[in-house]
Amino acid sequence: MFPVGGVSIRSMRIIRQVRQTSFFWTGITASGLAVLGLTLLSCGTATTAAPAPDAAAAGPGAPQRTQARTAADALTAYADQLVAAEKQRLAAAKSWGLARAPLRPPAPPAEKPELTAEPGHIGGEGLPPVITRVPTDDKVVFLTIDDGAHKDPKLLEMLRELDIPVSAFLSDYVARDDYDYFRAARDDGWGIHNHTVNHRELPALSAAGQKKEICAQQDTLEEEMGERPTLFRPPYGAYDRDTLRAAASCGVEVVPLWAEEAFPDRIEWGREDEKLHPGDIILTHFRGEKEWKGTMPDMIRRVVNTATAQGFAIARLEDYL
Ligand SMILES: [Zn+2]
């Protein structure tokens, strides 16, 4: 039968073509085929509603053939787009000095994982869970960048070109001189979250003082970014029960700490095996060459090369939490 056989043989050729240009395929299959499904569906609807004049004249089998051709053309066009996008990403990886192109994350989970406070952390009814990794079997890790002092335009450029998702945890006292930078980041798809107003060690403050540090920053970020954050990270990872109560009272749903910390010249590992594990949250900071040995792009290179070498993709934290 032409419609089925014709489309599927052509699909296989296209799929092989995409595979040859891409280091990683799972991200494309899931999201790509969803889009493709919609494309095919809409082609089918259009053909049924208004068959082309030559098809109508050619007899009862013709509309199906037209439909199959339209579907095959849509598939080809879509595959061409994927091939072009992958080529662009490979070129970007090369120009940013990566060892290999970053791996593509799989499609986000249909249902977000159920979270509870990790062992050794404070938890309880109505308190946002404190975690250092996301419970998942996907070979993904998450990159989070704290504070907001050093606002390097190269960082935005690099992440945009490589299509790598990150989440920022902003402290107002260093971020406030240029929220435009973070609005640009948000427009690129970054998640923007809460890291308090003044970066104080929270357990040293009264419950009311903690609430002010956390909730005033919720309000500021909502005003500056147009959306109220759902994630909050306490400075230095220091918190107590009052911290979690205060955070819960102003809309915080999860408190992500971290499993590893990244620098331009090294990774500080959270475990003895010195390896990434599925769902690990990686911490780093907005810093410049004065503060550490390298630039923000050097740090990203370190993280991406490490993740790629260990078979991990960097995924979007907000897709899982
Ligand atoms: Zn911090």
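Are Tyr181 and Phe182 buried or exposed? Both are buried. The notes below concern a predicted model.

1. **Aromatic pairs.** Six aromatic pairs turn up in a search of the whole structure. One of them joins Tyr181 and Phe182. The geometry is edge-to-face, with 5.1 Å centre to centre and 80° between the planes. Tyr181 and Phe182 also belong to a cluster.

2. **Phe263 and Trp292.** This aromatic pair is edge-to-face too. The centres lie 6.1 Å apart, and the planes make an angle of 70°. Phe263 sits in the loop between strand S6 (260-262) and strand S7 (267-268), and Trp292 in the loop between strand S8 (281-285) and helix H10 (296-309), so the contact ties together parts 29 residues apart in sequence. Phe263 is buried, as is Trp292.

3. **Charges over rings.** A second case involves Lys139 and Phe312. Here the charged end of Lys139 sits over the Phe312 ring, 4.7 Å from its centre.

4. **Zinc site.** Which residues coordinate the zinc ion? They are Asp147 through OD, His195 through NE2 and His199 through NE2, at 2.1 Å. Along the chain the donors follow the spacing D-x47-H-x3-H. Asp147 and His195 link distant parts of the chain, 48 residues apart. Asp147 belongs to strand S2 (residues 140-147). His195 lies in the loop between strand S4 (191-194) and helix H8 (207-225). Both Asp147 and His195 are buried.

5. **Second largest pocket.** Its volume is about 280 Å³. How many residues line the second largest pocket? The lining has 16 residues. Gly191, Ile192, His193, Glu227 and Glu318 lie nearest the centre. Strand S4 supplies the largest share of the lining, three residues.

6. **Lining by class.** What is the make-up of the lining of the second largest pocket by class? There are six nonpolar residues, four polar and six charged. Glu227 and Glu318, two of the residues nearest the centre, count as charged.

How values were computed. Residues numbered from 1 in each chain as written. Predicted model: local features only at pLDDT ≥ 70, side-chain atom pairs only at ≥ 80, totals over all residues. Heavy atoms only, no water. Donors = N, O, S within 2.8 Å, 3.2 Å for Na, K, Ca; no water. Helix = DSSP H or I, 4+ residues; strand = E, 2+ residues; numbered from the N terminus. Buried < 20%, exposed > 50% of the residue type's maximum accessible area, 1.4 Å probe, protein only. 1 Å grid on protein atoms, 1.4 Å probe; cavity = no way out; pocket = protein on both sides within 12 Å on 5 of 7 lines; lining within 4 Å. Points joined across faces, edges and corners; volume = space filled by probe spheres on them. Phe/Tyr/Trp six-rings, centres within 6.5 Å; stacked < 30°, edge-to-face > 60°. Lys NZ or Arg CZ within 6 Å of the ring centre and 35° of its normal.
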